[in-house]
Amino acid sequence: MKFKLALLAAAGSTAMFSSAIAQEDTGWYGALGAGYVFENEVDFESANSNPAFDSTIDASDNVAVYGALGKYLSNGWRTELEFATRTQNVDSIDGDGLGFAGFPTTASDLGDITVSTLMVNAYKEFAFDMNGKISPYLGAGIGAAYFRPDFNNITSPTAADAGGPQFSNRLVVADRDYVPAAQGMAGLTYDFADNMMLDLRYRYLKTAEVDYGGYMNSAFADFSSEYDAHEVTAGFRWNFGGAPVVVDTPPAVQYKTCFDGSRVEVTADCPPQIETTTDVTANMEPLVVYFDYDKSNLTDAARTLIAARADEAIAADVAGVNVEGNTDSSGSSAYNQALSARRAGVVRDALVSNGIDSSIITVEALGESNPAKPTADGVREPLNRRTEVTFSY
C-alpha cells in the first residue's frame, strides 16, 4: 500500500512538473551538486519485538549528492525534477530506559541507512544586487523516498535453521520501503559566467513513516522509522535551451554594422542616429546605447559616443542623469531583468569614468517591460536591446 502511495506521489509530482513547464517556454537548466548531511537521530521503534521499544538510531555525518533538470517560468519562478541520495552510518541504537537496552557502538559501525529521493521542486528567486549576479531563493518540494536500512551487530551466528538466524542479543535489518517525502530549501546563486551559476543551499528533508522487517533476539520483528535530515550543499547550475528545435538548417544570418558600432541583421533598421549639436536643448535628448543579442559589453563606437555626450553634459552643468537598461523579449523575464541591470551598469560606469558625478546618477533595470518597438514574446528585436540615458539641467 505504501509503495503504491509513493508511486502516486511521484506520479503527481511529475504531472505537476509537466503542468508547470507548459505555462511558459523560457529556457531549461541542469544542476549537479554535493553536500554535507548533518548528524541526526532517526526514530526506530517496534511494537511486536521482544521487548517492544521506542528508540532512536544515531546516524553519522556523511555526503549527499543531487542532480536536477529544471525549467524557468515567469516572475522569478522556476521548477525542477530532482534526484538526490545520501548514505549515513549507523553508529549506535539507543536504549529506551525501559526494557530495551539498545545496541551501543562496537569496534565497527552497525551498518548504514540509504535514503534516495525523487522530488519535484518549485523555487522563487529574488533580486538582490543591481547587476543581477546574486539571487537568493526559497523553495519546497514533494515526491517519493526510497529508504534502505542495512545494519546488524552480528560477528558470527551461533546457529541457523529454516525459521531464520538463531542468536541472542543480536539485530539484523536488511529491507527497504518507498514512502512520500517533502522538503524545504533556502539558498542563493551567484552568476559567475555566461549561463553558469554557483548554487549554495540549505535543505530540510522529511519522510513519512517507513515500515520494514528484520530479526532481533532470534525472532522476526516489524520495525518503523521516521527519517529527517538537514543538509548544506554546493553545486553548479547551467542554462541551456530556450529556443525551439529547428529541424531544417536555417540560412546563415547576415549582419551589418551601424553608426554606433552595434550590429543588426541586414533586413533590420539601424538604431536612429542622434545628431550632436552645441545647442543645450538638443543635448537634453536621451542618449541611447545599443547592444548585441544577449550581450552587455560596450563597443568602441558606443564608448566614444558616451564620452562625447558626457563632455557635453558636463559643459552644460548637468544636474541629474537617469540610466535605464532594457532588453528584448527573448529569454525568461528573470534573466532579462538581470541582463538589463548589467547593461545599465556598464553605461553608468562609462559615464562616471568620463567625469559624470556618480551621486547624480540614478539607475533602473526595466528588463523587457519597456520596448522601443513592441513585439511578441520571444522575439529578438535590436531596437529593444538598449540603455537609455536622460540628462537634466
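So, where is the place of Pro51? Pro51 sits in the loop between β2 (40-46) and β3 (53-59). The peptide bond that joins Asn50 and Pro51 is cis, with omega about 5°.

Quick housekeeping. This is a predicted model, where local features need pLDDT of at least 70 and side-chain atom pairs count only at pLDDT 80 or more, while totals for chains, interfaces and linings use all residues. Residues are numbered from 1 along each chain as its sequence is written, and side-chain values use heavy atoms, with hydrogens and water left out.

Back to the backbone. As background, most residues other than glycine have a negative phi, and most peptide bonds are trans. Asn195 is in the loop between β11 (177-193) and β12 (196-207), and at 32% relative accessibility it counts as partly exposed. For the cut-offs, buried is under 20% relative accessible area, exposed is over 50%, and partly exposed is in between (1.4 Å probe, protein chains only).

Asp317 is not a glycine either, and has a positive phi of about 60°. You'll find Asp317 in the loop between α3 and β19 (320-325), and with 60% relative accessibility it is exposed.

That brings us to helix α3, residues 300-315. Its 16 residues should span 22 Å at 1.5 Å a residue, and the end C-alpha atoms are 23 Å apart, which agrees. The expected span is 1.5 Å times one less than the number of residues. Among the buried residues of α3 are Arg309 and Glu312, along with Ile306 and Ala310.

Now the strands. β6 (residues 111-125) has 11 of its 15 residues buried, so the rest of the structure largely encloses it. Strands count as paired if DSSP finds at least two bridges between them. On one pairing, β5 (residues 77-93) runs antiparallel to β6 over 14 bridges, with Phe83 bridged to Leu118 of β6. β6 also pairs with β7 (residues 134-152), again antiparallel, over 15 bridges, and there Ser116 has Tyr146 of β7 as its bridge partner.

How many disulfides does a search of the whole structure find? There is 1, a disulfide being a pair of cysteine sulfur atoms within 2.5 Å. Cys258 and Cys270 form it, with their sulfurs 2.0 Å apart. The S-S torsion is about -85°, so the disulfide is left-handed. Cys258 is in the loop between β16 (255-257) and β17 (263-265), and Cys270 in the loop between β17 and α2 (280-283), so the pair ties together parts 12 residues apart in sequence. Cys258 is buried at 6% relative accessible area, whereas Cys270 is partly exposed at 29%.

β17 turns up again at the second largest pocket, giving the most to its lining with 3 residues. The lining also includes Asp292, Tyr293 and Arg385, and divides into 5 nonpolar, no polar and 5 charged residues.

Last stop, Val389 in strand β21 (residues 386-392). Val389 is buried, at 0% relative accessibility. Val389 and Leu287 are 102 residues apart in sequence, but their C-alpha atoms are 4.9 Å apart in space.

Methods. Helices (H or I, at least four residues) and strands (E, at least two) are DSSP runs, numbered from the N terminus. On a 1 Å grid over the protein atoms alone, a cavity is a set of points where a 1.4 Å probe fits but cannot get out, and a pocket is an open set with protein on both sides within 12 Å along at least five of seven lines; lining residues have an atom within 4 Å of a point. Ala, Val, Leu, Ile, Met, Phe, Trp, Tyr, Cys and Pro count as nonpolar, Asp, Glu, Lys and Arg as charged, and the others, Gly among them, as polar.
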